[in-house]
Amino acid sequence: MTAEEFVEDLDRRNQTILKRLDPDAMLKPEVAGDLTVLNLLKVALKNEIEATEIASRWLVTTDDVDVKMAFARQAGDEAKHYRMIADRLRELGFDARGFNPIAKGYGPLFQYLDTLGSIVERVAAGQFTREAVAVVKNRQFIEFCERAGDEDTARLYREIIEPDEYFHHQLGRSLLLRFAATPDAQDRARRAAGRTLSLAEELQQAALATAGIHHAPGC
């Protein structure tokens with residue numbers, strides 16, 4: 001199939017799985033303690049630092065300039081999100097300056113993404129698929145914040161973080177149209193996207209004991 005046909009097919013496959021992810025089931029296993037905005041934002045710090053680092057690692061090991069700039073844009077956005085979430089946590093009474101989100105190590109999805117070596121795999125898994133998951137989870141988190149009466153956090157995600165993640169997803173789409181042009185490249189992309197979604201579902205179902213888990217709002 002053409003690159004355009006492949007990207008549309010991959011998007012349909014991804015969306016079918018994303019629609020199965022129930023909001024409450026996605027949130028509850030991931031947080032230590034009570035299910036509160038503050039505790040979920042602490043989880044989000046790990047997501048943001050992992051997203052910053054994986055994009056940075058890929059940036060320095062990619063030769064294509066357009067792809068470098070796409071990863072650079074993403075790394076900058078994710079670092080910005082980290083700072084903004086830390087500021088919001090401080091407003092909620094938690095000082096994140098002494099908090100190390102990766103003290104207990106990197107999450108399973110980060111570890112998987114770090115094994116990917118080709119541009120088409122990285123773009124399919126990281127930007128096109130992982131950021132599509134982020135868009136879904138952020139929209140759910142916005143609704144959670146609104147139900148909790150926290151309009152300030154909801155606004156942060158609605159006006160800044162979620163639009164950035166959608167932009168990263170669209171960057172992935174544009175790059176896949178360029179790099180997923182052969183049967184081999186399409187197969188690599190399909191498998192990388194599929195594994196990313198499988199990990200998302202596995203993490204959703206796990207009875208996780210800590211807040212430092214990759215799969216959470218703001219990833």
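The protein has eight helices and zero strands. Here, helices are DSSP runs of H or I with at least four residues, strands are runs of E with at least two, and both are numbered from the N terminus. Read along the sequence, the pattern is α-α-α-α-α-α-α-α.

This is a predicted model, in which local features need pLDDT of at least 70 and side-chain atom pairs count only at pLDDT 80 or more, while totals for chains, interfaces and linings use all residues. Residues are numbered from 1 along each chain as its sequence is written, and side-chain values use heavy atoms, with hydrogens and water left out.

Start with the whole chain. Of its 219 residues, 53% count as buried. Buried means under 20% relative accessible area, exposed means over 50%, and partly exposed lies in between (1.4 Å probe, protein chains only). The accessible surface comes to about 9500 Å², by the Shrake-Rupley method with a 1.4 Å probe, where for residues only the protein chains shown count as cover. Carbon and sulfur atoms hold 52% of that surface. Now take contacts, meaning heavy atoms within 4.5 Å. Among those between residues at least 6 apart in sequence, 83% join residues at least 24 apart.

Next, go inside. A nonpolar core is a set of buried Ala, Val, Leu, Ile, Met, Phe, Trp, Tyr and Cys residues joined through side-chain atoms within 4.5 Å. The largest has 28 residues, and Tyr 112, Leu 113 and Leu 176 touch the most other members. The helices that give two or more residues to this core are H1 (3-18), H3 (37-60), H4 (65-91), H5 (108-113), H6 (119-147), H7 (151-179) and H8 (183-205). H6 gives the most, with six residues.

Look again at Tyr 112. Leaving aside neighbours within four places in sequence, Tyr 112 is in contact with Arg 191, Ala 192, Arg 195, Thr 196 and Leu 199. A second, separate core has 19 residues, including Leu 45, Tyr 82, Ala 86 and Phe 144.

Now follow H4. This helix has 27 residues and reaches 39 Å from its first C-alpha to its last. That is close to the expected 39 Å, the expected span being 1.5 Å times one less than the number of residues. Asp 64 caps the N-terminal end of H4, with a side-chain oxygen 3.0 Å from the backbone nitrogen of Asp 66. Gly 93 follows H4, and its phi is positive, near 105 degrees.

Finish at a loop. Thr 36 is found between helix H2 (23-27) and H3. Thr 36 is partly exposed, at 29% relative accessible area. Its C-alpha atom is separated by 8.1 Å from that of Ala 148, 112 residues apart along the chain.

Definitions and conventions. Polar contact = N/O pair within 3.5 Å; in protein donor to acceptor, adjacent residues only side chain to side chain.
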